[in-house]
Amino acid sequence: MSSLAVPGKVRSGPARTLRVIWRHRAIYVMLAAPLLYFLVFRYAPLWNAQIAFKDFSPIDGVMRSPWIGFRHFLTFFNSIYFGQLIRNTLGYSLAKLLVGMPVAILLALGLAETASRRLRNVVQTASYLPHFLSWVIMYGILLGLLSPGDGLINDILKRVGLQPIAFLTEPRWFPVVVVVSDVWKEAGWSAIIFLAGLLGIDTALYEAASVEGASRMQRIRWISLPGILPVVVVITLLRLGNILDAGFQQIFVLYSLPVYSVSDILDTWIYRSGVLDFQLSLASAVGLFKGVIGLALIVTANRLARRATGSGLY
């Protein structure tokens, strides 16, 4: 009897799966667009990543270009710019993470605790708006604020008897401008995720804490922050996976020759080598190096996070 029942279950399996898919067809239709995007723009180009191991020539094509192994990787590792590029890239990425995430969390907590709906809407709009501005527009705003000649901040410095500062061309100040402008532009948008996590916390916990006499700061410390801890862990893991992406558009718009020593990152170097100098194989090797390092970091960080907090990305 059991031997006859098993084939029947096997035959009914695909039909049952198709019925489930048809019942939830709207969800699968919504998934089709992002899946197609990742297949076309993320996974299909991996085939051409093999040029990192070849002396690529557009005339010969990907398949007929000669194989040279890890020569391009060694060229990059032995470059005099390697240490500087890694230091600048990691420095900007970690600084943006360590400064930007606490600011976003504080902003989300402030919005969640604000009793005035009108004030909350105004702050939300003002903090979200910069995210939708391109870095070209942001550069114009920063130039109006930081220009040593007629910038608003330098005008204030001159009025109080101080010397103007060339924020965008002095190596000492340029990293500060990069980190602060990124936090200004993205903190409001990042706060949306943490605000959603706060809204998902059971309100009965806050009511019980109020009955027990807990202050607002105590409720934030013992309910709000632990409640969004899984969200913080996931966002941190995702950011660690992109730790070697320090913000190409921002740096490309802001940097100049006087600050190359503190502004040049992996992506700007890849742009100059791959696009301007047409060293496509070398640029692909560096891009592949970034991907491998990002994968290793996110896997390691996920394991550490699951051991420490019990939650992770997967």
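**Notes on a predicted model**

1. Please keep in mind throughout that the model is predicted. G100 belongs to helix α5. Setting aside residues up to four places away in sequence, G100 touches A95 and V183. Looking along the chain, A115 lies 15 residues from G100, and the C-alpha atoms of these two are separated by 25 Å.

2. Now to helix α6, which runs over residues 117-128 and has 12 residues. From first C-alpha to last, α6 reaches 16 Å, close to the 16 Å expected at 1.5 Å a residue. Its buried residues are Q124, S127 and Y128. These cover an arc of only 90 degrees around the axis, which puts them on the same side of α6. The cover over the buried residues of α6 includes α5 (82-113) and α9 (174-199). On the face turned away from that buried side you will find the exposed residues R118, V122, T125 and A126.

3. With a relative accessibility of 2%, Q250 counts as buried, the cut-off being under 20%. Which residues is Q250 in contact with, leaving aside neighbours within four places in sequence? They are K96, W135, V178, S181 and D182.

4. Another glutamine, Q50, sits in a loop, the one between α2 (25-43) and α3 (61-64). Q50 is buried, with a relative accessible area of 16%. Its side chain reaches the backbone oxygen of W47 at 2.9 Å. Once neighbours within four places in sequence are left aside, Q50 is in contact with V62 and M63.

5. On to the aromatic rings. The count of aromatic pairs comes to 20, with ring centres required to lie within 6.5 Å. Take Y37 and F38: their ring centres are 5.4 Å apart and their planes stand at 80 degrees, so this pair is edge-to-face. Y37 is partly exposed, at 37% relative accessible area, and F38 is also partly exposed, at 41%. Elsewhere, ring pairs link F76, F77, F82, W269 and F289 into a cluster.

6. Two arginines deserve a mention alongside the rings. R25 lies over the face of W22, at 4.3 Å from the ring centre. R272 lies over the face of Y260, and here the distance to the ring centre is 5.3 Å.

7. Most residues other than glycine have a negative phi. F278 is not a glycine, yet its phi is positive, at about 60 degrees. Where does F278 lie? Its place is in the loop between α15 (266-276) and α16 (280-309). Is F278 buried or exposed? At 52% relative accessibility, F278 counts as exposed, since the cut-off for that class is over 50%.

Conventions. Residues are numbered from 1 along each chain as its sequence is written. This is a predicted model: local features need pLDDT of at least 70, side-chain atom pairs count only at pLDDT 80 or more; totals for chains, interfaces and linings use all residues. Side-chain values use heavy atoms; hydrogens and water are left out. Helices (H or I, at least four residues) and strands (E, at least two) are DSSP runs, numbered from the N terminus. The expected span of a helix is 1.5 Å times one less than its number of residues. Buried means under 20% relative accessible area, exposed over 50%, partly exposed in between (1.4 Å probe, protein chains only). The arc is that of the directions from the helix axis to the C-beta atoms. Contact means heavy atoms within 4.5 Å. Rings of Phe, Tyr and Trp (its six-membered ring) pair if their centres lie within 6.5 Å; planes under 30 degrees apart count as stacked, over 60 as edge-to-face and the rest as tilted. A charge sits over a ring if NZ of Lys or CZ of Arg is within 6 Å of the ring centre and within 35 degrees of the ring normal. A polar contact is a pair of N or O atoms within 3.5 Å; within protein, one must be able to donate a hydrogen and the other to accept it, and residues adjacent in sequence count only if both atoms are side-chain atoms.
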